[in-house]
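Here are a few friendly notes to read alongside the model. Please keep the sequence and the 3D view open as you go through them.

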Amino acid sequence: MSPPQSATTPTTTTEPTEQQTYLEVWGDTVNGRHLAISVLVGSVVGASALLAAQALFERVVGEPSLAQAYSLLVGIAACLLAGVVCGIFIKPKRIVALAAADAESIDGVITMMGEQRQGLGTLADIPEQSQQELRELGLYDHFAAAEAKHAPAEHAPASNAPKDGGRA
């Protein structure tokens with residue numbers, strides 16, 4: 001686990017000069033203030049539930065190790081509940097934008113795939129279900145065009161040697 005890395009980006013508030021600090025935690029970008037609030041809520045709720053359950057179960061259950069195990073389960077459940085509550089009240093900040101890729105960028109990616117060591121292969125090599133998925137995504141024609149473009153070069157004769165064995 002790498003330590004959080006700090007990055008500053010403008011917020012989407014009405015004041016254009018205001019900035020918030022975002023942190024990179026486990027490959028995700030989060031608002032530092034909201035992360036601190038969530039950690040605080042989880043810690044307080046989890047520890048309170050653990051201590052209260054421990055006090056209750058020590059009186060009710062005769063075996064101390066069993067009381068401790070039950071109280072740990074209550075503490076874990078409280079942490080999960082705190083996570084759900086924080087998830088409800090602290091909304092995600094992500095804006096997911098789906099944009100259709102243009103034909104040139106699709107063809108560029110397919111060309112890069114063809115230049116890889118394994119090559120592109122042929123559409124006949126993949127199952128019909130995968131071919132149908134490519135059609136639904138609008139990618140089948142791009143792969144077919146790339147296959148047609150590379151097919152003549154792959155099936156060309158190895159050399160232009162004379163057919164009579166090289167004798168004159």
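The numbered points below go from the whole chain to single residues.

1. Some ground rules come first. This is a predicted model, in which local features need pLDDT of at least 70, side-chain atom pairs count only at pLDDT 80 or more, and totals for chains, interfaces and linings use all residues. Residues are numbered from 1 along each chain as its sequence is written, and side-chain values use heavy atoms, with hydrogens and water left out.

2. Next, confidence. The average pLDDT (the predictor's confidence in each residue, from 0 to 100) is 78 for the protein, and 74% of the residues score at least 70. Over residues 1-17 the pLDDT is below 50, although this stretch has 24 contacts in the model beyond near neighbours in sequence; a contact means heavy atoms within 4.5 Å. Residues 153-163 also stay under 50, and there the model has zero contacts beyond four places in sequence. Where pLDDT is low, the predicted coordinates should not be read in detail.

3. Now the overall layout. The protein has five helices and three strands, in the order β-β-β-α-α-α-α-α from the N terminus. Helices (H or I, at least four residues) and strands (E, at least two) are DSSP runs, numbered from the N terminus. Of the 168 residues, 15% count as buried. Buried means under 20% relative accessible area, exposed means over 50%, and partly exposed lies in between (1.4 Å probe, protein chains only).

4. Helix H1 has 29 residues and reaches 41 Å from its first C-alpha to its last, close to the 42 Å expected at 1.5 Å a residue. The expected span is 1.5 Å times one less than the number of residues. The buried residues of H1 are His-34, Gly-42, Gly-46, Ala-49, Ala-53 and Phe-57, and they pack against strand S3 (28-31) and H2. Glu-58 is also in H1, but counts as exposed because its relative accessibility is 53%.

5. Does the length of helix H2 (residues 64-89) agree or disagree with what its 26 residues should span? The end C-alpha atoms are 37 Å apart, which agrees with the 38 Å that 26 residues should span at 1.5 Å a residue. Its buried residues are Ala-67, Ser-71, Gly-75, Ala-78, Ala-82 and Cys-86, and their cover includes helix H1 (32-60). An α-helix has 3.6 residues a turn, so residues three or four places apart point the same way.

6. Leu-73 is in helix H2 and counts as exposed because its relative accessibility is 55%.

7. Helix H4 (residues 128-137) contains Gln-131. Is Gln-131 buried or exposed? With a relative accessible area of 9%, Gln-131 is buried. Leaving aside neighbours within four places in sequence, Gln-131 is in contact with Leu-123, Ala-124, Ile-126 and Tyr-140.

8. Finally, look for the charged pair. The whole structure has one salt bridge, meaning a side-chain nitrogen of Lys or Arg within 4 Å of a carboxyl oxygen of Asp or Glu. Arg-135 forms a salt bridge with Glu-128, and their closest N and O atoms are 3.3 Å apart. Arg-135 counts as partly exposed, at 37% relative accessibility.
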